[in-house]
Each structure stands twice: as C-alpha cells, then as structure tokens.
Amino acid sequence: MFTDSRRRRRKRRRMTIVGICFVVLGMAMYGYNASRDEVRQQQQQAESGSTQTPITTYITPNVPVVKPNDPVIEDHAEVILISHYLGCGHDTEQTLQSDGYVGLTKKQLQALYPLYTITSFSSTRVEIRRDVEGVCPQHYMVKLENSKLVIYQRNDDDTWREVQTIEDFYMPYEDEALKEGVVFDDMHQIESFLENFDT
C-alpha cells in the first residue's frame, strides 16, 4: 500500500510537469504567431502605401508606444500655448510653430512636456496649458527704491522691465508694501495712486 501511494504521487508529479510544459509551449506558440501576424500586417501596410501611423516601439523609457489609431499632429496644425497666471487669473495665448510637433501623438507630446497639461488635442489643433506664478504682462508694479519710485511692467518671460522712474519721490510715511512692490492692473490705477502723493 505504501508503494501504491508513492506511485500515485509520482504519477501526479509527472502529469503536473507535462501540463506545465504544455502551457509554456502554448504560450510560446501564441507569442510566435502574434509577432508573425504583426510583421505580416506591417508588410501589408507598406505594400498598400497606407498612411496610417506605423506601430512603433521606443526603447527610451517614459516615451509611449504609438498605436495605429492614435491621432497625430498634422503639418500646419495650430499649436497654442496658454499661460494661466495664478496671481491675476488671466490667460495669455501664444501660437507655436507646429513644425517640431508634426507626427506626434498626445501621449508623445505629453512626454515631451511633463509639467504642462494638454487641454485639447486633435490633428489640426492642440492646446497646451501651464500655470505661471505671479501676474500676466498686462500688469505693472510700482516699487520704492531708495528715493526713486520705479514703475515696472511684466515681460512675457516672467521678468520685469523698467518703464518709468520718478526721481526724488517723497513718501510722507513708511510703506513696506511699496518697498516690496505693489501690483496694479494698468497705468490709470497707478496715476490714481500717485495723485494721493501730489502736493
């Protein structure tokens, strides 16, 4: 009886090993056939002159694979960069040259600009949005520097440029905010502000 149970266990082990071998062999055959079908499909597309985006696999990490039905950016597409300024809530739009983006999918474009958000994507129009600290170029800043009152305007590259300087500006009191810089919407607001100091 002891030998019968051993025989049964050995038989079960053999059957398990044979079963595993059949599963592994089946998976290998499936993978081989799937890769042959993919190569055959690519050859048929090449022979028929298909304009669909080819199936492309990138070795570079974090760059997604292109699938045949993914829309791509066409030549002369509108690529628009929208900058949303957190300080004032305004948006500015800038149209970019689409030459460098032709043929890219949404996933590929997002991989190129991970800090941006793609808000709209089609083959003819793409909108890319970014949040920017501070205020937009429509705004001005008035700052008291020594005895000068300097008026700055915001540049597109997030810096400030000097547009006017008032020499020997007299402040009847200390204003810490003015030393740090006070932001205004336009020159009319600055003129109204300066009227308070006219003597």
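Let's start with helix 4, residues 187-195, whose buried residues are I190, F193 and L194. Here, buried means under 20% relative accessible area, exposed over 50%, and partly exposed in between, using a 1.4 Å probe and protein chains only. Helices (H or I, at least four residues) and strands (E, at least two) are DSSP runs, numbered from the N terminus. Viewed down the axis of helix 4, the buried residues fall within an arc of 95°, so they line one face of the helix. That arc is taken from the directions from the helix axis to the C-beta atoms. The face turned away from the buried side carries the exposed residues H188 and E195.

This is a predicted model: local features need pLDDT of at least 70 and side-chain atom pairs count only at pLDDT 80 or more, while totals for chains, interfaces and linings use all residues. Residues are numbered from 1 along each chain as its sequence is written, and side-chain values use heavy atoms, leaving out hydrogens and water.

## What the helix packs against

Which elements do the buried residues of helix 4 pack against? They pack against strand 5, strand 6, strand 7 (160-166), helix 3 (176-180) and strand 8 (182-184). Leaving aside neighbours within four places in sequence, L194 is in contact (heavy atoms within 4.5 Å) with L149, I166 and F169.

## The nonpolar cores

The largest nonpolar core has 12 residues, among them L149, I151, F169, I190, F193 and L194. A nonpolar core is a set of buried Ala, Val, Leu, Ile, Met, Phe, Trp, Tyr and Cys residues joined through side-chain atoms within 4.5 Å. Strand 5, strand 6 and helix 4 each supply at least two residues of this core. A second, separate core of 11 residues includes I73, L104, I118 and I128.

Next comes an open sheet of 4 strands in the order 7-6-5-8, with antiparallel pairing. Two strands pair if DSSP finds at least two bridges between them. Strand 7 and strand 8 stand at the edges with a single partner strand each, so one side of each has no neighbour in the sheet. Strand 6 and strand 7 are joined by 6 bridges, and I151 stands opposite Q164 in strand 7.

Most residues other than glycine have a negative phi. H76, however, has a positive phi near 65°; it is found in the loop between helix 1 (2-48) and strand 1 (78-85). H76 is exposed, with a relative accessible area of 70%.

N146 also has a positive phi, of about 55°. N146 is found in the loop between strand 5 (140-145) and strand 6 (148-154), and is exposed at 79% relative accessible area.
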